[in-house]
Amino acid sequence: MDDSVFHRLYEQYHHDVFTFLIYLTGDRDHAEDLMHEVYVRVLRAYTGFEGKSSEKTWLFSIAKNVAIDHFRKNAVRKKHMFDKFDWEKSELISTGIPPEELVTLSEEMKELLHALDTCTGDQKMVILMRYFHDLSIAETAEVLNWTEGKVKTTQHRAIKALQKKMNALPAEGRRNG
């Protein structure tokens, strides 16, 4: 891989990929470590990149796989009897948003991000890719190696779950307040 190609990929996409990893992990330090791994894999795999997808889609696919590997390793460490990490049923709970970003977020956005943590891993990845990183349904399907129908269904279920959680927030506040 030519250094100029690597630098161009990094400059053009590092912010989007890093933000994606922060939202997935909820931890800036973990996201930085995972970013390193993403670009190590980019260096190793670029010669095999055939251009069948956009570079952005390809990078998000690598980032998704790196994140899955991260969560699998953590799940195995926490539960030695865990044979397989089930993304369909498991939740990705982030430990929080970096303080410098939290300050600039509206209260509604903070609530939405908290509600997003209650979704399944699949739902969270679809919402992040579609609405936070503006990937199309086709691009999201390609990154996740799914059909477009599965992306649409997962997105629909995630939105319904988020709406339910967001609609319940004012009622919870009145009960607790």
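Buried describes a residue with under 20% relative accessible area, exposed one with over 50%, and partly exposed one in between, using a 1.4 Å probe and protein chains only. The model shown is predicted, so that local features need pLDDT of at least 70 and side-chain atom pairs count only at pLDDT 80 or more, while totals for chains, interfaces and linings use all residues. Residues are numbered from 1 along each chain as its sequence is written, and side-chain values use heavy atoms, with hydrogens and water left out.

**View 1. Phe6, Tyr10 and Tyr39 form one aromatic cluster.**
A pair of aromatic rings is described by the distance of the centres and the angle of the planes. Rings of Phe, Tyr and Trp (for Trp, its six-membered ring) pair if their centres lie within 6.5 Å, and planes under 30 degrees apart count as stacked, over 60 as edge-to-face and the rest as tilted. By this rule there are seven aromatic pairs, among them the edge-to-face pair of phenylalanine 6 and tyrosine 39, with 5.7 Å from centre to centre and 85° between the planes. This pair links distant parts of the chain, since phenylalanine 6 belongs to helix α1 (residues 3-25) and tyrosine 39 to helix α2 (residues 28-45), 33 residues apart; helices here are DSSP runs (H or I, at least four residues), numbered from the N terminus. Both phenylalanine 6 and tyrosine 39 are buried. The rings of tyrosine 10 and tyrosine 39 have centres 5.1 Å apart and planes at 65°, so this pair is edge-to-face as well. It links distant parts of the chain, with tyrosine 10 in helix α1 and tyrosine 39 in helix α2, 29 residues apart. Tyrosine 10 counts as partly exposed because its relative accessibility is 31%, whereas tyrosine 39 is buried because its relative accessible area is 5%.

**View 2. A salt bridge joins arginine 8 and glutamate 55.**
A salt bridge is a side-chain nitrogen of Lys or Arg within 4 Å of a carboxyl oxygen of Asp or Glu. The structure holds seven of these salt bridges, and in the one between arginine 8 and glutamate 55 the closest N and O atoms are 2.7 Å apart. Arginine 8 lies in helix α1 and glutamate 55 in helix α3 (residues 55-78), so the pair ties together parts that are 47 residues apart in sequence. With a relative accessible area of 36%, arginine 8 is partly exposed, whereas glutamate 55, at 16% relative accessibility, counts as buried.

Glutamate 32 counts as partly exposed at 41% relative accessibility, and arginine 28 counts as partly exposed at 31%.

**View 3. Lysine 124 and aspartate 117 meet in a salt bridge.**
Their side chains come to 2.8 Å, N to O. Lysine 124 counts as buried at 1% relative accessibility, and aspartate 117 counts as buried at 10%.

**View 4. The charged end of lysine 150 sits over the ring of tryptophan 146.**
A charge sits over a ring if NZ of Lys or CZ of Arg is within 6 Å of the ring centre and within 35 degrees of the ring normal. For lysine 150, the distance from the centre of the tryptophan 146 ring is 4.4 Å.

Methods
Helices (H or I, at least four residues) and strands (E, at least two) are DSSP runs, numbered from the N terminus.
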